[in-house]
Amino acid sequence: MSDELIEAPEDGQQITLADEETGELNVPENPIIPIIHGDGIGTDVGPAAQTVLNAAAEATGRSIAWMRVYAGSSAREKYDENLPQETVDAIRHYRVAIKGPLTTPVGAGFRSLNVALRKKLDLYANVRPTYHLNGVPSPVKDPSAMDLITFRENTEDVYAGIEWEAGTDEVEQVKAFVEDEMGFDSTIHDGPVGIGVKPITEFGSKRLIREAIDYAIANNRDTVTLVHKGNIMKFTEGAFRDWGYEVAEEEYGENVITEDELWDEYDGEQPDGTVVVNDRIADNMLQQLLTRTGEYSVIATMNLNGDYMSDAAGAQIGGLGIAPGANFGHGRCLAEPVHGSAPKYAGEDKVNPTAMILSGREMLDYLGWHDAANLVRDAVEETISSGKVTYDLHRQIEGGEKLSTSEFAEAVVENIETLAN
Ligand code: NAP
């Protein structure tokens with residue numbers, strides 16, 4: 001693997017290792033961390049996040065050896081391909097990495113690079129924390145009630161890419177199979193049709209739901225809510241819910257109880273130290289997040305629901321400029337913001353880098369650098385609550401100072417330095 005792009009001192013062990021059995025990480029003080037800046041505004045928010053994360057690492061006696069790797073348009077320029085194997089290998093090898101957004105044009109002929117990357121590395125859990133920072137304007141009355149972690153299954157569902165285009169021989173074959181052999185006669189209207197398949201496996205569902213329950217137990221969270229549309233999609237989303245309850249009932253003993261047990265056996269009084277697993281239908285859940293925000297703590301759901309749910313929840317705490325995320329699986333972490341590449345703002349040094357910075361915070365937490373991670377969060381909060389914000393928040397508040405992407409990053413660095421001393 002080429003290491004020409006590593007901006008790092010040569011001395012010292014720089015590779016984050018993981019114990020094969022326990023998965024426990026052994027993190028050096030100056031790890032090599034691959035970074036994909038990404039497309040569109042990725043070239044703005046990527047460097048801004050690096051500046052802030054460097055400052056947090058330095059303030060806590062460490063350093064990050066960044067390794068630029070490429071995907072999307074920058075990879076096409078450099079390697080003439082969208083997702084070079086070298087990029088995938090680097091993330092696999094160095095275990096902990098961060099990426100900006102990658103553009104996926106709507107329409108045929110271009111599969112999502114984000115989906116491809118997550119699938120190639122089998123990063124099956126997309127984890128999106130949604131919490132409010134003081135000073136961030138919000139469309140709801142009490143944004144501080146939102147403190148939610150969404151575990152979104154990352155490899156299955158309609159994102160699996162099993163679909164056929166209208167007018168092709170393949171789609172006619174699938175249509176004939178569905179109608180003639182499976183008996184869904186005259187279910188599909190005549191004329192051009194596109195058909196997709198929605199696979200939801202027991203294996204994929206259970207491993208994601210375990211991650212959510214394990215997280216809830218480790219972080220003293222009260223509930224895990226399985227979000228699904230099983231009333232309509234009985235054998236896919238309904239099965240996800242059923243497998244979720246199976247995991248809860250069969251694998252966690254008395255630490256985890258179902259909502260039915262809570263009422264039948266405990267009269268609604270949750271015993272200390274337990275996690276209650278419940279389920280909600282997705283459309284109801286979207287309104288519950290608005291009306292009964294504080295009742296939800298951890299969500300486990302499938303790929304598409306998770307995408308919708310976390311964007312909507314993100315709006316309640318300040319919008320896409322704020323919402324962080326990270327992908328996990330097999331002892332690896334690829335942090336990335338929830339937002340996309342917002343091409344209309346690309347290269348303008350204008351957008352909010354907070355989502356990318358806070359995704360970096362998730363990465364620092366994963367490395368076990370909790371002091372640095374907390375410093376990042378506190379410094380971002382301090383910056384925003386002092387009225388120093390980018391355009392997206394500036395248009396929602398009275399007064400305040402409108403900063404560019406890079407100026408905002410510098411303001412956060414100043415606060416890191418102040419808070420650390
Ligand atoms: P988007 O890029 O997230 O942008 C939608 C809107 O959200 C922007 O126009 C802007 O709103 C606001 N926004 C997003 N990021 C922001 C930031 N950092 N600071 C301030 N405001 C921000 O969504 P999209 O336009 O639907 O998607 C564009 C491309 O990104 C598509 O190709 C899509 O496939 C891709 N995408 C990639 C990922 C990923 O890489 N993980 C995720 C989602 C989408 P205003 O216009 O109101 O200012």
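The shell around the ligand has ten nonpolar, eight polar and six charged residues, where Ala, Val, Leu, Ile, Met, Phe, Trp, Tyr, Cys and Pro count as nonpolar, Asp, Glu, Lys and Arg as charged, and the others, Gly among them, as polar. The model is predicted: local features need pLDDT of at least 70 and side-chain atom pairs pLDDT 80 or more, while totals for chains, interfaces and linings use all residues. Residues are numbered from 1 along each chain, and side-chain values use heavy atoms, without hydrogens and water.

In total, 24 residues surround the ligand (a heavy atom within 4 Å). The closest are Thr104, Gly340, Ala342, Tyr345 and Tyr391.

| Residue | Protein atom | Distance to a ligand oxygen |
|---|---|---|
| Leucine 102 | backbone N or O | 2.8 Å |
| Alanine 342 | backbone N or O | 2.7 Å |
| Lysine 344 | side-chain N or O | 2.8 Å |

The protein covers 71% of the 880 Å² of accessible area that the ligand has on its own (Shrake-Rupley method, 1.4 Å probe). Helices α4 (113–120) and α13 (391–394) each give two or more residues to the shell; helices are DSSP runs (H or I) of at least four residues, and strands (E) of at least two.

Strand β16 (residues 332–335) is covered on both faces. Arg332 and Leu334 on one side, and Cys333 and Ala335 on the other, are buried (under 20% relative accessible area). Strands pair if DSSP finds at least two bridges between them. β16 runs parallel to β6 (residues 96–99), with three bridges, and antiparallel to β15 (residues 326–329), with four. Alanine 335 stands opposite isoleucine 98 and is also the bridge partner of alanine 326.

How values were computed. Polar contact = N/O pair within 3.5 Å; in protein donor to acceptor, adjacent residues only side chain to side chain. Buried < 20%, exposed > 50% of the residue type's maximum accessible area, 1.4 Å probe, protein only.
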